[in-house]
Amino acid sequence: MTSRILASIFCGILFGIGLVVSDMVNPARVLAFLDVAGDWDPSLAFVMGGALIPSSVAYAIKQYRSRPAFDTEFHVPTSRSIDARLVFGSVLFGLGWGLVGFCPGPAIASLVTGRWETVLFAMAMIAGMFAYRIAQSRVSAPRRFS
């Protein structure tokens, strides 16, 4: 395995551990954060705020490096445009997160619990990804006119 793959696996495991330690794999905690009119739980705000610290450090370090340690270039989004795809994807993500209390990272990390709800969500998420890929390939495929 290359160092890039090992670094990716390490970061994924570290991220998953952080999700478990902060209890963000618990959909009830996330839904309680979204329930601002009821029994609001601010813990997710602290987790998000805490995530800004290493992210800010990483962006500061990036300014002084020509490339990352285990890759040939930085992969930072350059587009700042807000288009229909971004808005639709954000709305879809927010609806799914608000309805079930999972987003992709915590859903994958919670698969270790073996709960059927988590497995069902992950299967639906993967099916949605495949459906998007198929739809996107049909939209971008060249059209033939006879």
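The views below are drawn from a predicted model, in which local features need pLDDT of at least 70, side-chain atom pairs count only at pLDDT 80 or more, and totals for chains, interfaces and linings use all residues. Residues are numbered from 1 along each chain as its sequence is written, and side-chain values use heavy atoms, with hydrogens and water left out.

View 1. The secondary structure of the protein comes to six helices and zero strands, where helices (H or I, at least four residues) and strands (E, at least two) are DSSP runs numbered from the N terminus. Read along the sequence, the pattern is α-α-α-α-α-α. The radius of gyration is 19 Å, well over the 15 Å that the globule rule gives for 146 residues, so the protein is more spread out than a compact globule; the radius is taken over C-alpha atoms, and the rule is 2.2 Å times the number of residues to the power 0.38. Along its principal axes the C-alpha trace spans about 60 × 45 × 35 Å.

**View 2. Surface and contacts of the protein.** Of the 146 residues, 18% count as buried, a term that means under 20% relative accessible area, with exposed over 50% and partly exposed in between (1.4 Å probe, protein chains only). The protein exposes about 11,500 Å², of which carbon and sulfur atoms supply 69%, the areas coming from the Shrake-Rupley method with a 1.4 Å probe. Among contacts (heavy atoms within 4.5 Å), residues 24 or more positions apart account for 41% of those with a separation of 6 or more.

**View 3. Helix H1 and its packing partner.** Helix H1, residues 3-21, has 19 residues and reaches 27 Å from its first C-alpha to its last, close to the 27 Å expected at 1.5 Å a residue; the expected span is 1.5 Å times one less than the number of residues. Ala-7, Gly-16 and Leu-19 are buried in H1, and the buried residues of this helix pack against helix H5 (104-110).

View 4. Asp-23 is found in the loop between H1 and helix H2 (27-34). Although Asp-23 is not a glycine, its phi is positive, at about 65 degrees. With 23% relative accessibility, this residue counts as partly exposed.

View 5. Val-119 lies in helix H6, residues 116-140, and counts as partly exposed at 33% relative accessibility. The C-alpha atoms of Val-119 and Ser-137, which are 18 residues apart along the chain, are separated by 27 Å. Leu-120 is also found in helix H6 and, at 46% relative accessibility, counts as partly exposed. Leu-120 and Ala-107 are 13 residues apart in sequence and 10.0 Å apart in space, C-alpha to C-alpha.
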